[in-house]
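Dear colleague,

Please find below the structure that I am handing over to you. My notes on it follow directly after.

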Amino acid sequence: QETVYAIASGKGGVGKTTTTVNLGTALAQAGERVAIVDADLGMANLAGFVSLSPGSATLHDVLAGDATIEEATYRLAENIVGVPSGNELADYAETQPDGLGDVVDALRDRADYVLLDVGAGVSHETVLPLGLADAVVLVATPEPAAIQDVRRTMELVERVDGSIAGLLVTRTHPTGDVDPETIGEKLGLSVLGSIPEDRAVRASVYAGTPLVVHAPESDAATAYREFAARLTGVE
Ligand code: ADP
Ligand code: MG
């Protein structure tokens, strides 16, 4: 039984791509077949997080009708494939996001888990994946303003009849932050995990290696494995 998760937030820079890559890699390490998809069509950058240089085809080419999904699917490591998006504005201009539904259906046939790294904002290509997913993981940092941000995203999920898996609070600090459980209570959401601010994350991004591979013993990697287990039941 395959599951499609959209990883979403109103704001950029909160850790959606980091979460997609590390949730995916943690599930692959646990023996699940995983596909991670750069559905952030306007600001694609997932490929860099996993040192993937797409030979030719990207999701943009698939959505423009110029490539098949097979051609845009690349093996990243054991049990995990990635579908990158092009990072040229010209690619974006040609894109028909409505084809994303067929892409997701095709990937359902080849993976146990499909993870959609969704762009920030409220545009059509951001909202569309929220409805294609079986469940949406809402990602937020623990600032007070984040509450409003998550609320808006929850409204978008409702608008497309999507369902919400819960909240992941990222980049938490030991002191001075709003407590993740308090944020969850305010929003009526279950908290799926909380990922500490950790220098190892940035280092892993520079290395182009998922954190759970680059620094598996780091606090944030441990938190990502706990989150993966809590979300899916896979350990
Ligand atoms: P988004 O996809 O939501 O825009 P990213 O996953 O690209 O966010 O994260 C933005 C930047 O924040 C990354 O380059 C990374 O260096 C940093 N970052 C994300 N999560 C953490 C964390 N837990 N600790 C430290 N830095 C983080
Ligand atoms: Mg991103």
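Gly 13 sits in the loop that runs between β1 (3-8) and α1. Please bear in mind that this is a predicted model. Gly 13 counts as exposed because it has 11 C-beta neighbours inside 10 Å, and a residue with 12 or fewer falls into that class.

Is Lys 16 buried or exposed? Lys 16 has 27 C-beta neighbours inside 10 Å and therefore counts as buried, the threshold being 20 or more. Leaving aside residues up to four places away in sequence, Lys 16 touches Ile 7, Ala 8, Ser 9, Asp 117, Val 118 and Val 139.

I turn next to the ligand. Ligand 1 is surrounded by 17 residues, the closest of which are Gly 15, Lys 16, Thr 17, Thr 18 and Val 201. Two or more residues of this shell come from each of α1 (16-29), β7 (164-172) and α9 (199-207). Sorted by class, the shell around ligand 1 consists of seven polar, five nonpolar and five charged residues.

Helix α1 also packs against helix α11 (residues 219-232), at an angle of about 75 degrees and with the two axes 9 Å apart. The two helices are therefore roughly perpendicular, since angles of 65 to 115 degrees are placed in that class. On the α1 side, the contact is formed by Asn 22, Leu 23, Ala 26 and Leu 27. On the α11 side, Tyr 224, Arg 225, Phe 227, Ala 228 and Thr 232 take part. By class, this contact has six nonpolar, two polar and one charged residues.

One further position concerns the loop between β7 and α8 (180-187), where Pro 174 is found. Pro 174 is exposed because 7 other C-beta atoms lie within 10 Å, which is within the limit of 12 or fewer. Pro 174 and Glu 197 are 23 residues apart along the chain, and their C-alpha atoms are separated by 8.9 Å.

With kind regards

Key:
Residues numbered from 1 in each chain as written. Chains lettered and ligands numbered in written order. Predicted model: local features only at pLDDT ≥ 70, side-chain atom pairs only at ≥ 80, totals over all residues. Near = placed C-beta within 6 Å. Helix = DSSP H or I, 4+ residues; strand = E, 2+ residues; numbered from the N terminus. Nonpolar A, V, L, I, M, F, W, Y, C, P; charged D, E, K, R; others polar. Contact = placed C-beta atoms within 7 Å. Axes fitted to C-alpha atoms, helices over the stretch in contact; angles between N-to-C directions. Parallel < 35°, antiparallel > 145°, perpendicular 65-115°, else oblique.
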